[in-house]
Amino acid sequence: MQSSSNSTTISPPMIIGVANTNHYLVGIVDLNNNLVGLRQDSAEVVGSIVEAKAYLRGNNIFSALLELDCTIDDMCGQSKSNRYRQRILC
């Protein structure tokens, strides 16, 4: 996938869930480590993992990385490398 700028996206599609919320973000991570939409706009916000998978399937994507984040980890300075990630089928 190419973005409208000079950077290319290199990550697989991602679903990010944040603890203590009922929202999931769906998108891809660009070279600047920003979560962007599948078409380089804003990441999609959905209300469940089921909706996130359906959104990806609707865009002909059948696997993604699921990342579960905790806001407490961010406040304590926990590194992103320690976050839970798993490849899931959509």
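Here is a short tour of the structure shown above, from its overall layout down to a few individual residues. The model is predicted, and its average pLDDT is 82, with 74% of the residues scoring at least 70. The protein has two helices and six strands, arranged along the sequence as β-β-β-β-α-β-α-β.

- Among the elements, helix H1 (residues 49-58) has the highest mean pLDDT, at 96, while helix H2 (residues 71-76) has the lowest, at 65.
- Please take care with residues 1-7, where pLDDT stays under 50. The model gives this stretch nine contacts beyond four places in sequence.
- Where pLDDT is low, the predicted coordinates should not be read in detail.

**Overall packing**

- Of the 90 residues in the protein, 32% are buried.
- The protein exposes about 5700 Å², and carbon and sulfur atoms supply 51% of that area.

**The nonpolar core**

- The largest nonpolar core has 13 residues, and those with the most contacts inside it are Ile-15, Val-26, Leu-38, Ala-52, Leu-56 and Ala-64. Strand E2, helix H1 and strand E5 each supply at least two residues of this core.

**Gly-27 in strand E2**

- Gly-27 sits in strand E2 and is buried, with a relative accessible area of 0%.
- What is Gly-27 in contact with, apart from its neighbours within four places in sequence? The partners are Pro-12, Pro-13, Met-14, Leu-35, Val-36, Gly-37 and Leu-38.
- The C-alpha atoms of Gly-27 and Arg-39 are 8.7 Å apart, and the two residues are separated by 12 residues in sequence.

**The salt bridge**

- The structure holds one salt bridge, formed by Glu-67 and Arg-85 with their closest N and O atoms 2.7 Å apart. Glu-67 belongs to strand E5 (residues 63-69) and Arg-85 to strand E6 (residues 84-89), so the pair ties together parts that are 18 residues apart in sequence.
- Side chains of opposite charge can pair when their charged atoms come close.
- Are the two partners buried or exposed? Glu-67 is buried, with a relative accessible area of 4%, whereas Arg-85 counts as partly exposed at 48%.

**The loop between strands E2 and E3**

- Asp-30 lies in the loop that runs between strand E2 (24-29) and strand E3 (35-36), and Asp-30 is buried, with a relative accessible area of 11%.
- A polar atom of the Asp-30 side chain lies 2.9 Å from the backbone nitrogen of Asn-32.
- Asn-33 is also found in the loop between E2 and E3. Asn-33 is exposed, with a relative accessible area of 56%.

- Most residues other than glycine have a negative phi.
- Asn-33 has a positive phi near 65°.
- Asn-60 is not a glycine either, yet its phi is positive, at about 60°. Asn-60 is in the loop between H1 and E5 and counts as exposed, at 63% relative accessibility.

Technical notes
Residues are numbered from 1 along each chain as its sequence is written. This is a predicted model: local features need pLDDT of at least 70, side-chain atom pairs count only at pLDDT 80 or more; totals for chains, interfaces and linings use all residues. Side-chain values use heavy atoms; hydrogens and water are left out. pLDDT is the predictor's confidence in each residue, from 0 to 100. Helices (H or I, at least four residues) and strands (E, at least two) are DSSP runs, numbered from the N terminus. Contact means heavy atoms within 4.5 Å. Buried means under 20% relative accessible area, exposed over 50%, partly exposed in between (1.4 Å probe, protein chains only). A polar contact is a pair of N or O atoms within 3.5 Å; within protein, one must be able to donate a hydrogen and the other to accept it, and residues adjacent in sequence count only if both atoms are side-chain atoms. A salt bridge is a side-chain nitrogen of Lys or Arg within 4 Å of a carboxyl oxygen of Asp or Glu. Accessible areas come from the Shrake-Rupley method with a 1.4 Å probe; for residues, only the protein chains shown count as cover. A nonpolar core is a set of buried Ala, Val, Leu, Ile, Met, Phe, Trp, Tyr and Cys residues joined through side-chain atoms within 4.5 Å.
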